[in-house]
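Here is a brief report on one protein model. Keep the sequence and the structure open while reading.

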Amino acid sequence: MTNPENLKYTKDHEWLRVEGDTGVVGITDHAQHELGDVVFVELPELGRLVNAGEAFGSVESVKAVSEVYCPVSGEIIEVNQKLADKPELLNSEPYGAGWILKIKMKNPGEQAKLLTAADYTELTKGSEQ
């Protein structure tokens with residue numbers, strides 16, 4: 001499993017890609033692998049304000065339901081509607097077409113608290129089959 005260097009990661013297995021003052025959020029390849037086949041994604045409401053570490057939705061797989069947490073604080077400005085019809089995008093393209101939301105970051109400095117790709121790889125090492 002690869003963890004792109006241009007992303008930041010949480011210990012809860014979400015990723016953040018920064019695009020100016022906007023963050024794109026999804027779940028990691030490790031997370032989708034652990035979950036198995038994703039069958040449903042609960043998307044948050046547009047305009048919702050979330051704090052870093054707050055659950056904003058959930059991902060349901062054939063094995064489990066897992067909450068998804070926001071890596072940074074801000075306002076949700078876009079959700080990936082494709083996931084409503086094709087939740088399996090989280091499995092096939094976790095770092096691409098499988099993104100979950102875009103957030104206008106309230107405090108871009110919060111990303112400094114997130115893990116680098118190397119840190120996240122170290123965190124998940126040993127738990128992969």
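This is a predicted model: local features need pLDDT of at least 70, side-chain atom pairs count only at pLDDT 80 or more; totals for chains, interfaces and linings use all residues.

Which residues of helix 4 are buried? Helix 4 spans residues 117–124, and Ala-117, Tyr-120 and Thr-124 are buried there. Seen down the axis of helix 4, these buried residues fall within an arc of 65 degrees, so they line one face of the helix. Gly-126 follows helix 4 and has a positive phi, near 95 degrees.

Three strands form an open sheet in the order 4-6-7, and their pairing is antiparallel. Strand 4 (38–42) and strand 7 (65–69) are the edge strands, each pairing on one side only. On average, neighbouring strands of this sheet are turned by 25 degrees against each other, direction ignored. Strand 6 (residues 55–61) and strand 7 run antiparallel and are joined by five bridges. Gly-57 has Val-68 in strand 7 as its bridge partner.

The structure holds five salt bridges. Among them are these:

| Salt bridge | Closest N and O atoms |
|---|---|
| Glu-19 with Arg-17 | 3.0 Å apart |
| Glu-78 with Lys-102 | 3.9 Å apart |
| Lys-125 with Glu-122 | 3.0 Å apart |

Glu-78 lies in strand 8 (residues 74–79) and Lys-102 in strand 9 (residues 101–105), so this pair ties together parts that are 24 residues apart in sequence. Glu-78 is partly exposed, at 34% relative accessible area. Lys-102 also counts as partly exposed, at 21% relative accessibility. Glu-19 is partly exposed at 38%, and Arg-17 is partly exposed at 22%. Lys-125 is exposed, with a relative accessible area of 55%.

Terms used: Residues are numbered from 1 along each chain as its sequence is written. Side-chain values use heavy atoms; hydrogens and water are left out. Two strands pair if DSSP finds at least two bridges between them. Helices (H or I, at least four residues) and strands (E, at least two) are DSSP runs, numbered from the N terminus. Axes are lines fitted to C-alpha atoms, for helices over the stretch in contact, and angles run from 0 to 180 degrees between N-to-C directions. Buried means under 20% relative accessible area, exposed over 50%, partly exposed in between (1.4 Å probe, protein chains only). The arc is that of the directions from the helix axis to the C-beta atoms. A salt bridge is a side-chain nitrogen of Lys or Arg within 4 Å of a carboxyl oxygen of Asp or Glu.
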